[in-house]
Amino acid sequence: MNRFNQLDDIIAAISTPLGVGGIGIVRISGGGSIELVDGLFSGKNTLLSKKSHTLSYGKIIHHGEIIDEALVSVMKAPQTYTKEDIVEINCHGGSLVTRRILEAVLNEGARLAEPGEFTKRAFLNGRMDLTQAEAVIDIINSHTDLSRQAAVNQLEGRLKIEVGFMRQEILDMIASIEAVIDYPEHDVEEETYGTMEQGTLKILDRMEKLLQNADRGKIIREGLETVIVGKPNVGKSSLLNWLLEEERAIVTDIPGTTRDTVEEYINIDGIPMKIVDTAGIRETGDLVEKMGVEKSKAHAEKADLILMMLDSSRPLEAEDREILSFIQGKKTLVLLNKTDLTQALSMEELEKYIPKEQLLSVSIKENRGFEELINGLKELFFHGEGVKAEDGLLGNTRHKNALFRAKESMEQCLITIRTRMPEDFISLDLQDANRALGEITGDVADEEIIDRIFTKFCLGK
């Protein structure tokens with residue numbers, strides 16, 4: 001179905017979380033929304049007589065039954081979130097009352113909104129581009145002030161502006177070439193090739209700078225998928241509790257206490273981390289513990305960062321060596337715990353598996369080594385620099401892939417220019433780059449991609 005076919009529908013959804021709360025909101029959007037809700041509203045004046053962006057007190061009545069008292073917001077197109085008429089019914093919180101009001105609205109002719117459909121309409125009606133629409137869900141899902149600010153920057157249009165600048169430069173180059181094609185009596189002179197080469201190099205430089213920060217952006221927005229591994233009883237659960245500053249995981253002297261994964265989001269110096277405490281990796285005959293060990297290995301395989309715990313008061317054992325071999329080549333920080341005790345680890349043997357700069361001495365018992373951990377993280381992922389919200393400009397995998405394809409087309413364009421190929425070949429390369437950039441903002445995007453993006457949203461947004 002064409003995505004524009006349902007724009008004439010009135011849509012409705014509950015926009016507040018279900019459950020007990022001080023307030024609940026039912027949101028309605030589309031042409032005729034005000035008239036529809038006016039049929040349910042009983043107040044001093046009709047909603048149709050109200051000015052835009054005003055609140056009215058009254059009762060919501062359906063089939064003669066008063067459902068609830070409410071404050072009703074009337075917002076008239078085009079100065080609204082969707083650029084359509086929007087009505088928001090603010091009622092008492094609670095799943096029953098909001099559901100009853102929603103049912104009344106649907107009974108009067110609205111349909112239940114799909115996930116993200118309000119924001120999708122904002123995109124389709126031209127209020128925002130696709131990068132800004134995606135920023136809305138990033139704000140909702142943000143776990144740190146840094147990730148929130150990065151999303152706000154995108155919502156304000158910073159990525160849109162950057163992509164728009166590159167597209168305009170490319171379109172200017174295409175226009176110049178098309179002018180030459182339309183007037184074949186004027187050949188492309190050597191000077192024109194030189195100008196196009198300079199323009200292409202300028203655009204490639206901007207693309208490269210954006211791509212350099214793409215991995216940083218992904219970390220800022222989505223967090224570092226971090227897994228704590230190690231053999232049993234080396235302090236993994238204590239590390240999780242230390243990082244969280246609370247007793248989240250059970251800590252005992254009995255090996256195998258943690259049998260399943262424990263997951264938490266934490267914020268370390270502005271760096272969001274989804275941290276997973278796993279079962280100790282060892283050979284075991286216990287079926288349940290064995291399943292936990294396999295799950296630990298699966299998490300480690302896909303993790304962005306592995307924090308391996310070692311007991312520095314004991315020499316390396318076969319289980320330690322097995323884990324060290326398993327994590328070689330992955331982004332890893334090895335924490336040498338229990339440095340408050342007599343040291344028995346051979347650093348020379350350890351450095352055969354892990355570079356020296358990725359070995360950090362800590363004592364969870366004495367609360368030592370936290371700054372070293374922060375610095376180790378920054379060195380491993382941010383070249384030792386501080387993390388800024390501006391680094392999150394290109395933090396979406398979809399954006400990165402599209403920009404990479406645009407860069408490949410511009411690199412091919414550079415080759416075409418330098419080999420003095422005919423101008424129509426240059427134009428084709430530029431058009432490919434422009435098309436890929438257009439996918440980022442949604443100016444060029446197929447319906448399936450757009451639908452996939454908005455299904456990630458919650459109902460009512």
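Reader: Which residue in the turn of the S4 and S5 hairpin has a positive phi?
Author: S4 and S5 form a hairpin with two residues between them. Strands here are DSSP runs of E with at least two residues, and helices are runs of H or I with at least four, both numbered from the N terminus. In the turn, the positive phi of about 55° belongs to His 63.

Reader: What kind of model is this, and what is left out of the side-chain values?
Author: This is a predicted model: local features need pLDDT of at least 70, side-chain atom pairs count only at pLDDT 80 or more, and totals for chains, interfaces and linings use all residues.

Reader: How many bridges join S4 to S5?
Author: Two strands pair if DSSP finds at least two bridges between them. S4 (residues 54-62) also pairs with S3 (residues 41-43), in the antiparallel sense over three bridges. S4 and S5 (residues 65-75) run antiparallel too, and the number of bridges joining them is nine.

Reader: How far apart are the end C-alpha atoms of H14?
Author: The expected span of a helix is 1.5 Å times one less than its number of residues. H14 has 22 residues (397-418), so it should span 32 Å. The model agrees, with its end C-alpha atoms apart by 32 Å.

Reader: Which residue caps the N-terminal end of H14?
Author: Look for a side-chain oxygen 2.7 Å from the backbone nitrogen of Arg 398. The residue that provides this oxygen is Asn 396.

Reader: Is Arg 121 buried or exposed?
Author: Arg 121 sits in helix H3 (residues 117-124). Its side chain makes a polar contact (N or O atoms within 3.5 Å, one able to donate a hydrogen and the other to accept it; residues adjacent in sequence count only if both atoms are side-chain atoms) with the side chain of Glu 84, at 3.0 Å. With a relative accessible area of 1%, Arg 121 is buried.

How values were computed:
Residues numbered from 1 in each chain as written. Heavy atoms only, no water. Buried < 20%, exposed > 50% of the residue type's maximum accessible area, 1.4 Å probe, protein only.
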